[in-house]
Amino acid sequence: MPDQSIIIDDTTLRDGEQTAGVVFSLEEKIRIARMLDEIGVGELECGIPAMGKEEQNSVKALVDLGLNARLITWNRAVLSDIQASIDSGVKAVDISLSVSDIHIEHKLRKSRDWIREQLKKALGFAKRHDLYVSVGGEDASRADPDFLVDLMIIARDLGADRFRFCDTLGILDPFSTYDKVKYLADKVDLDLEVHTHNDLGMATANALAGIRAGARFVNTTVNGLGERAGNAALEEVVMALKYACKIELPIDSSRFVELSKLVGQASCRPVPEWKAIVGEKVFSHESGLHADGVLKYPGNYEGYDPAEVGLMRHMVIGKHSGRHALQNRFGRLGIKLETFEAESLIARVRNAAQVNKRPLTDRDLLRIYYADRIVA
Ligand SMILES: [Zn+2]
């Protein structure tokens with residue numbers, strides 16, 4: 001049974017586009033939003049209306065699509081930002097405040113009291129306009145946990161719908177994420193959202209840890225696009241929840257590769273072939289033992305069926321191939337290789353792969369096969 005209680009808030013269109021050098025056209029935003037909606041993502045963070053008219057128009061265009069997913073915008077805790085969101089037609093806002101002393105002192109040059117007051121003003125304004133509100137704690141991972149509790153209580157009492165715990169710099173590990181999120185979950189009765197970054201390569205793991213600790217909302221981006229090293233990747237979070245945590249979300253994963261290619265093109269950041277979950281080559285098998293194991297029963301070396309994410313299996317013939325894989329490939333080419341033939345071919349195949357530094361194509365294989373027969 002899919003778990004309906006965990007909601008993905010995908011921020012490809014906000015944090016993803018915030019990546020240095022990435023710009024989406026309105027047409028691309030619409031295609032990405034539509035596809036995210038079609039596969040069942042519950043919420044889309046779709047822009048920053050305070051940036052100006054163009055951004056407001058693109059948010060309006062997304063609102064006009066009438067998607068099932070809730071659209072939410074990013075705002076500073078500033079009334080004019082929230083007004084720009086209201087003018088764009090969204091009914092939900094993220095109100096972001098710096099919450100670490102480092103940011104409060106060195107970025108804002110203000111005090112904790114000033115943050116409390118900003119929160120009250122901005123949240124009060126948003127609630128008077130009947131908005132759904134996530135209060136975003138920027139740099140929460142470096143903040144005093146008790147100050148976060150303080151802010152969460154203020155937020156809850158003023159009607160906020162949830163609190164976003166941001167590991168803005170991506171400096172936590174899953175254990176510290178769990179501890180910090182659990183601390184907040186135990187202290188305040190307010191829904192939590194986790195926003196994790198990949199600077200130490202742990203965005204997905206930290207997102208899962210946050211969910212384990214009680215967060216109901218989790219931020220993702222397609223391909224893990226986002227500031228610096230990026231965010232938790234949508235495709236990784238969904239598949240890791242399913243296979244590592246046994247939590248299945250009501251999301252159609254079979255279009256992950258299609259979605260990944262779309263965002264890869266729109267962001268001009270092509271997806272590496274080895275990218276977890278959606279990389280073209282992550283279900284490629286070459287080494288003799290693995291290839292033989294997969295040919296006998298895919299579950300021997302595949303954690304799930306590649307079709308689940310829209311991929312195909314590739315049996316690669318190369319330096320590490322064994323006899324069974326070779327016989328299988330030639331069989332598909334209409335040639336029945338006897339065991340002794342396969343054994344004599346394998347050395348030439350390995351040598352060709354070594355010399356060319358790549359796997360062999362069917363043409364390469366046929367050339368070697370016929371050359372071998374002429375010599376014989
Ligand atoms: Zn972020």
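Visitor: What makes up the lining of the largest pocket, when its residues are sorted by class?

Guide: In this predicted model, that lining has nine nonpolar, 10 polar and four charged residues. The pocket holds about 290 Å³ of space. Its lining counts 23 residues, and those closest to the centre are N223, G224, L225, A229 and K275.

Visitor: Which helix gives the most to the lining of the largest pocket?

Guide: That is helix α9, residues 203-212, with three residues.

Visitor: What lines the second largest pocket, by class?

Guide: Its lining has three nonpolar, six polar and seven charged residues. The volume is about 240 Å³. Of its 16 lining residues, R14, Q18, W74, E138 and T168 lie nearest the centre.

Visitor: How do you know that R14 and D15 meet in a salt bridge?

Guide: The distance from N to O is 3.7 Å. The limit is 4 Å between a side-chain nitrogen of Lys or Arg and a carboxyl oxygen of Asp or Glu, so the pair qualifies. Side chains of opposite charge can pair when their charged atoms come close.

Visitor: What makes D15 a donor to the zinc ion?

Guide: D15 (OD), H195 (NE2) and H197 (NE2) coordinate the zinc ion at 2.0 to 2.1 Å. Donor atoms must lie within 2.8 Å of this metal, so these atoms pass. H195 counts as buried at 4% relative accessibility, and H197 counts as buried at 4% too.

Visitor: What does the salt bridge of E193 with R162 tie together?

Guide: The closest N and O atoms of E193 and R162 are 2.7 Å apart. E193 lies in strand β7 and R162 in strand β6, so the pair ties together parts that are 31 residues apart in sequence. E193 and R162 are both buried.

Visitor: Which residues are linked in a network of salt bridges?

Guide: The network links D9, R14, D15, E43, E45, R70, D94, R162, R164 and E193. A search of the whole structure finds 39 salt bridges.

Visitor: What is noted about the phi of D139?

Guide: D139 has a positive phi of about 60 degrees, although it is not a glycine. Most residues other than glycine have a negative phi. D139 is found in the loop between β5 and α7, and at 0% relative accessibility D139 counts as buried.

Visitor: Is K357 buried or exposed?

Guide: K357 counts as exposed, at 76% relative accessibility. K357 has a positive phi as well, about 55 degrees, and sits in the loop between α14 and α15.

Methods
Residues are numbered from 1 along each chain as its sequence is written. This is a predicted model: local features need pLDDT of at least 70, side-chain atom pairs count only at pLDDT 80 or more; totals for chains, interfaces and linings use all residues. Side-chain values use heavy atoms; hydrogens and water are left out. Donors are N, O and S atoms within 2.8 Å of the metal (3.2 Å for Na, K and Ca); water is not among the atoms, so sites may look incomplete. Buried means under 20% relative accessible area, exposed over 50%, partly exposed in between (1.4 Å probe, protein chains only). On a 1 Å grid over the protein atoms alone, a cavity is a set of points where a 1.4 Å probe fits but cannot get out, and a pocket is an open set with protein on both sides within 12 Å along at least five of seven lines; lining residues have an atom within 4 Å of a point. Grid points are joined across faces, edges and corners, and a volume is the space filled by probe spheres set on the points. Helices (H or I, at least four residues) and strands (E, at least two) are DSSP runs, numbered from the N terminus. Ala, Val, Leu, Ile, Met, Phe, Trp, Tyr, Cys and Pro count as nonpolar, Asp, Glu, Lys and Arg as charged, and the others, Gly among them, as polar.
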